[in-house]
Amino acid sequence: MRGDPYSKMAETTAEHHRHRHHHHLVLKSAICSRLLLLALIVFFRTLLSPYDTSAALNPPCLSTPNATLSSPLQNAVVWDSVYFLRIVQCGYEYEQSFAFLPLLPLSLSLVSFLPTQTPLFVISAYLINNLAFVLAALYFYRLSLTLLKDPDTALRATLLFCFNPASVFYSSIYSESLYALLCFGGMYHFVCGRNNLAVLFFALSGCARSNGVLNAGYLCFHTMHRSYHALFRQKRLLLALQIIFVGALRTACIFAPFLAFQAYGYYNMCVGRSHDEIRPWCKARIPLLYSYIQSHYWGVGFLRYFRLKQLPNFLLASPILSLALCSIVHYAKSRPQNFFSLGFLAPMEEKSCGVVFSSGDLSRSKEADSVGKSSSVRVEEHLNLRRRKNVIKGDFATVPTESESAEAWPGYLSASVLPFVLHLGFMACTAFLVMHVQVATRFLSASPPLYWFAAYIMAYPTKYYRWGYVIWAYSIAYIFLGSLLFSNFYPFT
């Protein structure tokens, strides 16, 4: 029996107003969090003297040795911000400066009409990064809403992102804000079926941070499922080859900007040099400048950071790594069949109702353009279904079995979240085994499953409410600790 159309219309209107209210709340929270961080940075910088005062020493550019570079706000620039502003002023002069990818310097060049030696330029750099963070938060909410299909959980996850433990980097002249904006934007357009636009966002994210190229994994995951379905379900070899070719082309487009920057570094550092001047990496079979810089100047490498003296840094990174481990393990234990089969053994009805990661939607080229428009309708239908079935009663013990209907699965445990969980697992292993482990806090801060899982367990106040307090306490503590240490040139992450 069909319901009352007026009741449905009223419910749709109520949901629409609810989404608008959440968008406004996300916008306010993102802006307030940035204002809070900037206030803390100014306060702690005024309160204490910086540990390293060498940032104020800004020698002339190699191309203009007689010019003097100085700024009244140079003391407000710390750590990697020094490199980024130096690149804007002088370009890529030294080998180690190529570790800092060009998107942020190019973005700062948008205000090049302002003299780079004036306080106004430094203030504009801060404004650009903080504006990028606000836009990233809005994209993250849309992504969370589309995948989780639960406005409350999406809002809770977004608020956690707005006050994440690495917040101080998102309010400084660092590439984290631009990377998060492009990363979340690419993910959102991807799950809405706008693959070409997603490729553009992902490619640009690889110009902000080197790990942006790993976003190609989402395209590879989708291509793998679609080609499998075409070859083994539909028995269409040509279609499978076409899907693989298109997927490979899109993946190449994501890698292209990063590789082009490596070629630019090779041209600057290797071409036209004498035999005595040429650097060792120029003679390598694959002359990759970025990996050489990370290894030679920063000592990055497999297990190279496993030293007793680095124990404090492992402790500093332990909260974010523990949260990542718990989110991955919980997904794997709740959905072992789906996790260990990489989604190939997920129930067919769940694949058919997935947002994008479905192996049964190969003929939806026309439908893909309308996925974004119908996402709100899907959210409403899913919420109504959850209200009727009331599958979750506040305990993980009531989570449905692997063989149950797709609609019974809560948002974080849906098949659509699997590629994000796998991506987080790879990133966490890289941070723990290869990188300077303390960087994990900001390296993983743009990984959506961290916030989705945290918001997910916070939805169970009768059993897991203490973990919600722990997560919020951890975030707040690192916001204050980061603002204190980072702004005064003390090691943080």
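The following exercises, with worked solutions, concern a predicted model.

**Exercise 1.** Determine how helix α4 and helix α7 are oriented relative to each other.

*Solution.* 
Step 1. Helix α4 spans residues 119-148 and helix α7 spans residues 176-191; their axes lie 8 Å apart and form an angle of about 25 degrees.
Step 2. Angles under 35 degrees count as roughly parallel.
Step 3. The helices α4 and α7 are therefore roughly parallel to each other.
Step 4. The crossing in which α4 passes α7 is left-handed.

**Exercise 2.** State which residues make the contact between α4 and α7, and of what kinds they are.

*Solution.* 
Step 1. Helix α4 contributes residues including Phe133, Tyr139, Phe140 and Arg142, while those from α7 include Leu181, Phe184, Met187 and His189.
Step 2. By kind, the contact of α4 with α7 comprises 15 nonpolar residues, five polar and one charged.

**Exercise 3.** Identify the network of salt bridges to which Glu176 belongs.

*Solution.* 
Step 1. The whole structure contains four salt bridges.
Step 2. Glu176 pairs with Arg209 in one of them, the closest N and O atoms being 2.9 Å apart.
Step 3. Glu176 also forms a salt bridge with Arg442, again with the closest N and O atoms 2.9 Å apart.
Step 4. Glu176 lies in helix α7 and Arg442 in helix α18 (residues 440-443), so this pair ties together parts that are 266 residues apart in sequence.

**Exercise 4.** Decide whether Glu176 and Arg209 are buried or exposed.

*Solution.* 
Step 1. Buried means under 20% relative accessible area.
Step 2. Glu176, at 2%, is buried, and Arg209, at 16%, is buried.

How values were computed. Residues are numbered from 1 along each chain as its sequence is written. This is a predicted model: local features need pLDDT of at least 70, side-chain atom pairs count only at pLDDT 80 or more; totals for chains, interfaces and linings use all residues. Side-chain values use heavy atoms; hydrogens and water are left out. Axes are lines fitted to C-alpha atoms, for helices over the stretch in contact, and angles run from 0 to 180 degrees between N-to-C directions. Helices (H or I, at least four residues) and strands (E, at least two) are DSSP runs, numbered from the N terminus. Angles under 35 degrees count as roughly parallel, over 145 as roughly antiparallel, 65 to 115 as roughly perpendicular and the rest as oblique. A crossing is left-handed if the near helix is turned anticlockwise from the far one by less than a right angle, and right-handed if clockwise. Contact means heavy atoms within 4.5 Å. Ala, Val, Leu, Ile, Met, Phe, Trp, Tyr, Cys and Pro count as nonpolar, Asp, Glu, Lys and Arg as charged, and the others, Gly among them, as polar. A salt bridge is a side-chain nitrogen of Lys or Arg within 4 Å of a carboxyl oxygen of Asp or Glu. Buried means under 20% relative accessible area, exposed over 50%, partly exposed in between (1.4 Å probe, protein chains only).
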